[in-house]
Amino acid sequence: MIIMLNGLTQGALFFILGSGLTLAFGVMRIVNMSHGAFYLLGGYLGFSVLQHTGSWTLAVLAGGGFVALLGLLLERGLLERIQAGGDLSQTLLTIAFSMIIADLCLATWGGHPLSIRAPAALSSPVRLFGFLYPGFRFVLMLTAVVIAFGLWFLLFRTRLGMAVRASVDDRETVSALGIRIDTIYSLMFMLSAFLGGVAGVLGGSYLQLSPGEDITILTYSLVVVIVGGLGSLLGTLISALVLGQILSFSLAFVPEMSMFLVFAPMALMLAIRPQGLFGRRF
Amino acid sequence: MIQSTRSAWRPERAEHRFGWSLGALVFILMVTLPWYADAYTITTYTRSIYFGFLALSVALLLGQGGMISLTQTIFFGMTGYVIGLLGAERGIAFPWPELAGLLLVVVVAFLFALVLMRTYGLVFLMLSLALGQIGWSFARQNTSLLHGWAGMRGIKPPELFGLDLSVSSHFYWLSLAVFCGALWVLWRIVESRFGLVIRGIRENPRRMSALGYHVFWQRVAIFVVAALFAAVGGILAAWSSGIVTPSTLHLNRMIWVLLVVILGGARYFWGPVLGTVIAVWLDVVISQLTPRYNTVIGIIFVLVILMAPNGLLGLWDSLQARRRRNRPPGSAL
């Protein structure tokens with residue numbers, strides 16, 4: 001039971017991370033390899049904001065907000081310049097960007113693992129079916145549900161979402177219809193970065209932030225997104241939940257094999273269905 | 001279409017002679033290095049050589065096949081681990097641990113390729129990142145056999161042809177000889193029909209498949225060959241440094257190699273070689289100047305991608321082309 005709840009928490013975090021990544025990919029065809037670094041930076045910023053203001057909510061918003069601005073900078077300042085270079089050089093650029101962020105994080109916050117202290121009101125244990133379980137994890141799950149619903153609403157029930165979905169299918173036609181595709185790109189990339197930053201503060205409140213975590217997180221998010229199918233929100237949700245359970249159970253029973261067991265379904269998935277659960281071929 | 005992809009490999013005639021004489025000069029300078037350089041320079045060049053293998057491996061996949069694979073450091077470190085396990089710990093004599101390492105690399109590379117080659121482009125990149133992370137985390141998490149973070153220690157180079165390889169100049173010569181051999185093999189591959197097919201697949205896999213080539217197996221083959229290049233470099237690296245740790249396999253090292261290859265020019269034969277020599281010296285300089293090594297490397301990476309996507313050799317080529325265009329018609333060369 002506890003293990004399942006742990007898996008659910010992990011899955012919630014995976015979903016927040018993966019949804020950001022898949023959003024940027026779906027719209028812009030960029031795999032943002034700095035997503036892990038966004039997570040780390042968001043978490044660290046949240047840590048500092050919490051220390052100075054004492055407000056955890058503010059920490060979440062600041063972590064997400066600042067990273068969103070950084071995302072805008074990356075998209076407008078660098079990625080846009082090399083659109084001609086194609087997807088691969090854009091992706092390489094995000095790798096380089098991620099190296100810089102991670103190194104500057106190390107310079108600013110040092111090499112010791114840090115943990116964000118969630119507010120007492122949120123973290124008091126909750127009694128459930130006779131078990132005591134940290135309340136903060138429920139907050140994390142709830143946030144994931146809110147984000148999932150919010151994204152669904154944004155993408156499928158608003159005019160902006162309609163434009164976004166249309167530009168996934170055919171960007172030329174959309175821009176010919178007078179929709180500002182650049183703005184859509186920037187907005188979606190910012191939203192994606194925002195989710196990465198928020199995930200960092202949330203993750204930092206229940207796990208730890210330390211150098212190198214960016215790559216681990218990036219790897220997990222990529223696995224979630226690949227299994228779910230690139231660009232698919234529903235696929236990301238399902239694969240995040242499944243992978244969360246796999247990770248949790250393998251950590252409990254066969255810790256030395258945990259990484260293997262997370263990657264095995266991905267290899268299997270790609271062998272059977274290279275485009276992922278709900279992806280389409282690109 | 002395929003013909004045009006060949007041209008980058010064939011220097012034009014006027015530059016040809018210049019290229020050969022420059023190559024001969026560099027070669028002589030490299031061979032005679034131990035007689036005029038200090039020990040530090042020699043070990044730095046030795047490091048350039050074994051990382052050069054890694055760069056060749058990445059360049060073969062990227063420049064020829066158009067695939068960015070982030071798994072190559074795994075093969076690089078794998079031979080080192082096998083040598084450490086069998087040679088340093090069990091005391092098995094020279095060729096067997098090394099051969100076992102190469103064999104293991106072939107098997108693992110083949111298995112990786114079976115999964116990887118189902119994909120192209122970005123998915124390929126992400127999948128290779130994930131596979132690379134499996135390898136790295138295995139080396140890190142496995143304490144019983146691979147000693148986790150500590151890795152393998154006490155690897156010694158064997159005595160070959162009566163040469164004592166613990167002498168740095170001897171080791172340098174051996175590495176240089178092996179590297180030249182590898183370059184020759186690479187040249188043969190690139191110029192062969194197989195190389196042409198791989199470049200064809202890079203440009204248009206569907207068309208190659210329609211022409212009757214087994215695209216999947218050709219890509220698997222090039223992946224295994226590339227892994228072998230990395231593996232040979234890994235043997236030299238393990239002999240030279242004496243240790244293999246999970247950080248040998250780490251993604252940061254892999255990204256560094258990718259930068260090296262792109263810096264030199266992935267599609268040029270000499271690109272990875274040039275890139276490695278520059279980058280190894282750059283490493284030395286940067287680490288003396290600032291502890292923010294990764295930041296500097298990252299910035300250089302960004303600049304190269306923005307300003308010279310075909311690397312330094314590509315930059316040189318486009319400058320040459322511009323000069324030729326500006327020359328008034330009819331003037332002598």
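A:Val227 sits in helix H10 of chain A, which covers residues 213–228. The structure discussed here is a predicted model.

**Two residues of chain A**

A:Val227 counts as buried because 27 C-beta neighbours lie inside 10 Å, and the cut-off for a buried residue is 20 or more. Leaving out residues up to four places away in sequence, A:Val227 touches A:Ser239, A:Leu243, A:Pro265, A:Met266, A:Met269, A:Gly276 and A:Leu277. A:Val227 and A:Val201 are 26 residues apart in sequence, and their C-alpha atoms are 25 Å apart in space.

Helix H11 of chain A takes in residues 233–253. At 1.5 Å a residue, the 21 residues of this helix should span 30 Å, and the end C-alpha atoms are 30 Å apart, which agrees. The buried residues of H11(A) are A:Leu233, A:Gly235, A:Thr236, A:Leu237, A:Ser239, A:Ala240, A:Leu243, A:Gly244, A:Leu247 and A:Ser248. Among them, A:Ser239 and A:Leu243 are also contacts of A:Val227.

A:Phe249 lies in helix H11 of chain A as well. Is A:Phe249 buried, exposed or partly exposed? With 16 other C-beta atoms within 10 Å, A:Phe249 is partly exposed, since that class falls between the limits of 12 or fewer for exposed and 20 or more for buried. Apart from neighbours within four places in sequence, A:Phe249 is in contact with A:Ile3 and A:Gly7. A:Asn6 is 243 residues away from A:Phe249 along the chain, yet their C-alpha atoms are separated by 8.8 Å.

**The two chains**

Chain A has twelve helices and two strands. From the N terminus on, its elements run α-α-α-α-α-β-β-α-α-α-α-α-α-α. Chain B has 15 helices and zero strands. Its radius of gyration is 20 Å, close to the 20 Å that the globule rule gives for 333 residues, so chain B is as compact as a globular protein of that length. For chain A, a compact globule of 282 residues would have a radius of gyration near 19 Å, and the chain has 18 Å, which agrees.

| Chain | Box of C-alpha atoms along the principal axes | Buried residues |
|---|---|---|
| Chain A | roughly 60 × 45 × 35 Å | 50% of 282 residues |
| Chain B | roughly 70 × 55 × 40 Å | 43% of 333 residues |

The contacts within each chain can be sorted by separation in sequence. Of the contacts in chain A between residues at least 6 apart, 76% join residues at least 24 apart. In chain B, 75% of the contacts between residues at least 6 apart join residues at least 24 apart.

**Where the chains meet**

Chain B puts 31 residues in contact with 34 residues of chain A. On the chain B side, the elements that give two or more residues are helix H7 (121–141), H12 and helix H14 (293–307). Which of these gives the largest share? H7(B) does, with 13 residues. By type, the residues on this side of chain B are 20 nonpolar, nine polar and two charged.

**Helix H12 of chain B**

H12(B), one of the elements on the side that touches chain A, runs over residues 251–264. Its 14 residues should span 20 Å at 1.5 Å a residue, and its end C-alpha atoms are 20 Å apart, which agrees. The helix is mostly covered, with twelve of its 14 residues buried. These are B:Leu251, B:Met254, B:Ile255, B:Trp256, B:Val257, B:Leu258, B:Leu259, B:Val260, B:Val261, B:Ile262, B:Leu263 and B:Gly264. Just after H12(B), B:Gly265 takes a positive phi of about 120 degrees.

H12(B) also meets helix H15 of chain B, residues 311–326; the two axes come within 3 Å and cross at roughly 15 degrees. That makes H12(B) roughly parallel to H15(B), because angles under 35 degrees count as such. On the H12(B) side the contact is made by B:Ile262, B:Leu263 and B:Gly264, and on the H15(B) side by B:Gly311, B:Leu312 and B:Leu313. The residues of this contact divide into four nonpolar, two polar and no charged.

Technical notes: Residues numbered from 1 in each chain as written. Chains lettered and ligands numbered in written order. Predicted model: local features only at pLDDT ≥ 70, side-chain atom pairs only at ≥ 80, totals over all residues. Helix = DSSP H or I, 4+ residues; strand = E, 2+ residues; numbered from the N terminus. Expected span 1.5 Å × (residues − 1). Contact = placed C-beta atoms within 7 Å. Nonpolar A, V, L, I, M, F, W, Y, C, P; charged D, E, K, R; others polar. Rg over C-alpha atoms; globule rule 2.2 N^0.38 Å. Axes fitted to C-alpha atoms, helices over the stretch in contact; angles between N-to-C directions. Parallel < 35°, antiparallel > 145°, perpendicular 65-115°, else oblique.
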